[in-house]
Amino acid sequence: MDYDFTTAANNYEDAMIADLKALVAIDSERDTDKATTEAPLGPGPAAAIKHALAMAQRDGFTTKNVENVAGRIELGSGDDILGVLGHVDVVPAGEGWETDPFTPVIKDGKMYGRGTADDKGPTIAAYYALKILRDLNVPLNKRVHMILGSDEESEWYGMDRYMATEENPTFGFSPDAEFPIINGEKGIASFLISQKRVAPKQAATTMTSFDAGIRPNMVPVSATAKLTGTIPADLADQLQTFAMTNDVTADLTANGSETVITLVGQGAHASTPAIGTNAGTYLAAFLNASSLDLDPAATAYLATITKYLHRDTTGTLLGINYADRKMGELTASPDIFKFSQDGKQTVLINVRYPQGTSADAIRDQIETAIGVDLVDVTIDGHAQEPHYVPESDPLVQTLLDVYTEHTGLPGHEMIIGGGTYGRILDRGVAFGAQMPGAPDIMHLPNEYIKIEDVVRAAAIYADAIYRLAK
Ligand code: ZN
Ligand code: ZN
């Protein structure tokens, strides 16, 4: 039997808009500074989880709240579980909004607000898919668990708690990326390069500090070095020449006995470092090539960065470059630089790697390339393995079929360097809701979602769940 999911979704347009507005109005940025036992990830994430579950209870669904950090909405019965994994948290609103980010506004068929596209709009669309299936009395032979996380934008604590304490889905998809599908995600690991102590030696200039980068997954926008001692009279000129040649901006100021050099490049996400201009490596390269007579620790630190990390986003200089026919090239992005004379002398590199290599092999190679007598290299935090669900898997085939039938557009596999909830399940992918070719407005000011895309996504998700769970 065929169902008219499109008409059913269209009938719910007003209800979807109302529910999405209410969810967007909750500022659900993770804020553990305000954590309590009732709200382990801060008040916003807990409020968003409670709100979403209350919405489902209003409509008569069975729900489960997992410690106010994750939630579940249930439909259907059977042995297997189809998981639909969304998130109700948001990245910080940031600057540059034309409207209030938490007062959703509809203009020209688009709803503006933080989280409208990532991921509250797609999550509401997926929720309405469950509602449509129930309204139409569509028989399902599997359980459908819509699972909501509340800190996807940071640590995934909520989803990890859910997977540790609840029965896990057999397979599933996350409505938190783009169509046609994301069925592969590169491995993600950060490596901390720590410089070993360098024997002191008399030098004209001391670099007292070098800092760049604030997040392990962002290319640093700006970098700052502080110098004391002799400063060549033409250093400011050398800096401006370097800045002009390299298309960056830089500034030198004398602050009493201290000289501060700041360089500004171009930010980018660590999964696409080639788009950015890494302020950290550019400032190091400038200082390394300048006429400064720097102290030995600074000299070694800057030389390492220049030789192994500068103007290279594929790890070629380190010898960790690798490409897989399916997943493409490894990317390497040095994202946090910390140097002081008596403290840390480190660089944190974020690497996105295809299948065929491993975090351990990459660590070994970085250490070998730079030299064990110069540096220690450790894997920082938890490395995530590459994730790939073959295009031939019925999950991928079904989702692509549904997508093509509803949009008339060709389906094809896509592999990204980012990480979605899709990778939590062995047979997990990301599926929508952004349309191909649409501008990527996630995480940016004036984030929006087209109302027609929310409605269409609800129909697509209903059809997808129907075919996967029947
Ligand atoms: Zn998201
Ligand atoms: Zn996001």
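Reader: What coordinates the zinc ion (ligand 2)?
Author: This is a predicted model, to start with. In it, the zinc ion (ligand 2) is coordinated by Asp118 (OD), Glu153 (OE), Glu153 (OE) and His443 (NE2), at 2.0 to 2.6 Å. The cut-off for a donor here is 2.8 Å from the metal, so that range qualifies. Along the chain the donor residues follow the spacing D-x34-E-x289-H.

Reader: What makes the arrangement around the zinc ion (ligand 2) irregular?
Author: The angles do. Four donors count as tetrahedral if all angles lie between 85 and 135 degrees, whereas the 4 donor atoms here subtend angles of 55 to 142°, so the arrangement is irregular.

Reader: Why is Glu153 called buried, and what about His443?
Author: Buried means under 20% relative accessible area. Glu153 has 17% relative accessibility, so it counts as buried. His443 has a relative accessible area of 40%, which makes it partly exposed, as exposed would take over 50%.

Reader: Moving to the helices, how do you know that the span of α9 agrees with what it should be?
Author: Helix α9 (residues 359–370) has 12 residues, which at 1.5 Å a residue should span 16 Å; its end C-alpha atoms are 17 Å apart, so the two agree. Gly371 follows α9 and has a positive phi, near 115°.

Reader: Which residues of α9 are buried, and how do you know that they are on the same side?
Author: Ala359, Ile362, Arg363, Ile366, Glu367 and Ile370 are the buried ones. They cover an arc of only 130° around the axis, which puts them on the same side of α9. Asp360 and Thr368 are exposed on the other side. The buried residues pack against β10 (187–195), α8 (296–308), β20 (345–353) and β21 (375–384).

Reader: What about α5: which of its residues are buried?
Author: Gly158, Met159, Tyr162 and Met163. They fall within an arc of 130° seen down the axis of α5, so they line one face of the helix. Among the elements that cover them are β1 (63–66), β2 (70–75), β3 (81–87) and β6.

Reader: Which residues have the most contacts inside the largest nonpolar core?
Author: Ile73, Phe173, Leu399, Phe431, Tyr461 and Ile465, in a core of 72 residues. Helix α11 (residues 451–469) gives the most to this core, with 14 residues. Beyond its neighbours within four places in sequence, Phe431 has contacts that include Phe173, Pro175, Leu399, Tyr403, Ile460, Tyr461 and Ala464. A second, separate core has 50 residues, among them Leu235, Leu263, Phe337 and Val351.

Reader: Is Ser28 buried or exposed?
Author: Buried, because its relative accessible area is 0%. Ser28 lies in the loop between α2 (13–24) and α3 (43–58). Leaving aside neighbours within four places in sequence, its contacts are Gly44, Pro45, Ala48, Val88, Asp89, Val90 and Lys120.

Reader: And why is Gly319 called partly exposed?
Author: Its relative accessibility is 37%, so it counts as partly exposed. Gly319 is in the loop between α8 and β17 (323–324). From Asp59 it is 260 residues away in sequence and 56 Å away in space, C-alpha to C-alpha.

Conventions
Residues numbered from 1 in each chain as written. Chains lettered and ligands numbered in written order. Predicted model: local features only at pLDDT ≥ 70, side-chain atom pairs only at ≥ 80, totals over all residues. Heavy atoms only, no water. Helix = DSSP H or I, 4+ residues; strand = E, 2+ residues; numbered from the N terminus. Expected span 1.5 Å × (residues − 1). Buried < 20%, exposed > 50% of the residue type's maximum accessible area, 1.4 Å probe, protein only. Arc of directions from axis to C-beta. Contact = heavy atoms within 4.5 Å. Donors = N, O, S within 2.8 Å, 3.2 Å for Na, K, Ca; no water. Tetrahedral: all angles 85-135°; square planar, octahedral: opposite > 155°, others 65-115°. Core = buried A, V, L, I, M, F, W, Y, C linked by side-chain atoms within 4.5 Å.
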